[in-house]
Amino acid sequence: MNPPDYEYLRKVLKDNSGLDLSADKQYLIESRLLPLSRKCGLPGISDLMQKMKGGSASTIAQVVEAMTTNETFFFRDKVPFEHFRDSIMPEMLKARAARRSIRVWCAAGSTGQEPYSLAICLKEMSAATAGWRIEILATDLSQEVLEKSKAGIYSQFEVQRGLPIQMLVKYFKQNGELWQINADIRAMVQHRQLNLLHDFSQLGVFDVIFCRNVLIYFDQETKINIINRLARTMEPDGFLVLGAAETVVGLTDVFKPFPDKRGLYQPSGARPASGAGALAMPKIAAMAGR
Amino acid sequence: MKTCLVVDDSSIVRKIARRILEGLNFQVIEAEDGVDALVVCKRAMPEAVLLDWNMPVMDGYDFLSHLRRMPGGDVPKVVFCTTENGIDHITRAIDGGANEYIMKPFDKDIIVAKFQEVGLIEWSEPTPV
């Protein structure tokens, strides 16, 4: 991809999704946009760029979607789900004993592997949660991705990464080479389209937020803004789970690391530094014309 | 170094599996059917067995039944790796003492994921994207 096209793509992504494409992501562009070019009936990525520059809103939307869809699999990294089962849930079952309800938000729910992994965790501990109302909300930027999540249908390849075979047998129905997660697990997850750059205070307050492997795509200012707004949408004794390569340390002090549990944070009670995170990203939202 | 016995009647599959497993620091022994594989196990139990289902002479399921009855035969982690991808086969394999199950086609990512699942490979720290 030539430098002007790269700069153009970078700006479009930044304006529309907040994705901060560094200069070394040539491989990512090729692996994501070449298949999309073909899908659009175009010979190559440069033709796709031309179509975007021509003002095709649907092409721009598809490019943003293709570039921001993350790789995900069931029980990805394993540890966060152990935290959920062994630390977060026992804590919450004690703390919420009076109201017997817990709200969980997967802020980058993607194609459903993460919210359904949480639903499976909850199913496995159903003796302890009988009579509780536990809500799992999965949001994602991409409508296409959410549709896949809702359907809960996965390829043979997808169900073989992260999912122990016993769980595949227990929680999925086979249909040829495809596997669909059982209806009772699907019913545990609600879906909603959401851009993290925009205001999300309308979602209400959560006890647990999984926000994994999405902040890494944003620049520093955007990261801080989102983390600060996450803190405002969380109970004071709630839990935040970040991806293994992510941290709030050095960015903001509204969350503090949970002792000895990597990737797990709790609200610190501190207020965000002046103004940061008070509002959704107004500049970017305006530029994106939304 | 852990040893993995690869049991498959296809020399191509064995070669692919060997390359992946050696890359994961396993010492690889090959067998082309269940009888051949039992001979290897009698000599020395491997830590892992990557096991095809359909093979001449003795199939993977029969091998597994024999293995689990041998002295020390409960030790190896057995991971099926087969084109038999029906839930009936999977259930039968688990009931027969298999630890994990790979539906072909497979690649390195799947082998790593399944071997981690049964504790043959350490969970690695995820690398930043």
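I looked up burial in chain B: 38% of its 129 residues count as buried (20 or more other C-beta atoms within 10 Å of the residue's own, with C-beta atoms placed from the backbone). In chain A, buried residues make up 42% of the 290 residues.

I note that this is a predicted model, in which local features need pLDDT of at least 70, side-chain atom pairs count only at pLDDT 80 or more, and totals for chains, interfaces and linings use all residues. Residues are numbered from 1 along each chain as its sequence is written, while chains are lettered from A and ligands numbered from 1 in the order in which they are written.

**Chain B**

I found 5 helices and 5 strands in chain B (DSSP runs numbered from the N terminus, H or I of at least four residues for helices, E of at least two for strands). Their order from the N terminus is β-α-β-α-β-α-β-α-β-α. The radius of gyration of chain B, 14 Å, is close to the 14 Å of the globule rule for 129 residues, so the chain is as compact as a globular protein of that length (C-alpha atoms; the rule is 2.2 Å times the number of residues to the power 0.38).

I then traced the sheet: 5 strands of chain B form an open sheet in the order E2-E1-E3-E4-E5, with parallel pairing (pairing requires at least two DSSP bridges between two strands). Strands E2 (26-31) and E5 (100-103) of chain B stand at the edges with a single partner strand each, so one side of each has no neighbour in the sheet. Within the sheet, E3 (residues 48-51) and E4 (residues 77-82) of chain B pair in the parallel sense over 4 bridges. Leu50(B) stands opposite Val79(B) in E4(B).

**Chain A**

I counted 13 helices and 10 strands in chain A. The radius of gyration of chain A is 20 Å, close to the 19 Å from the globule rule for 290 residues, so chain A is as compact as a globular protein of that length. Its C-alpha trace spans about 60 × 55 × 30 Å along the principal axes.

At what angle do H2 and H3 of chain A cross? The axes of H2 (residues 26-39) and H3 (residues 45-53) of chain A cross at roughly 75° and come within 9 Å (lines fitted to C-alpha atoms over the stretch in contact, with angles from 0 to 180 degrees between N-to-C directions). H2(A) is therefore roughly perpendicular to H3(A) (65 to 115 degrees). Residues of H2(A) including Ile29(A) and Leu33(A) take part in the contact with H3(A) (C-beta atoms, placed from the backbone, within 7 Å).

Technical notes:
Buried ≥ 20, exposed ≤ 12 C-beta atoms within 10 Å, placed from the backbone. Parallel < 35°, antiparallel > 145°, perpendicular 65-115°, else oblique. Contact = placed C-beta atoms within 7 Å.
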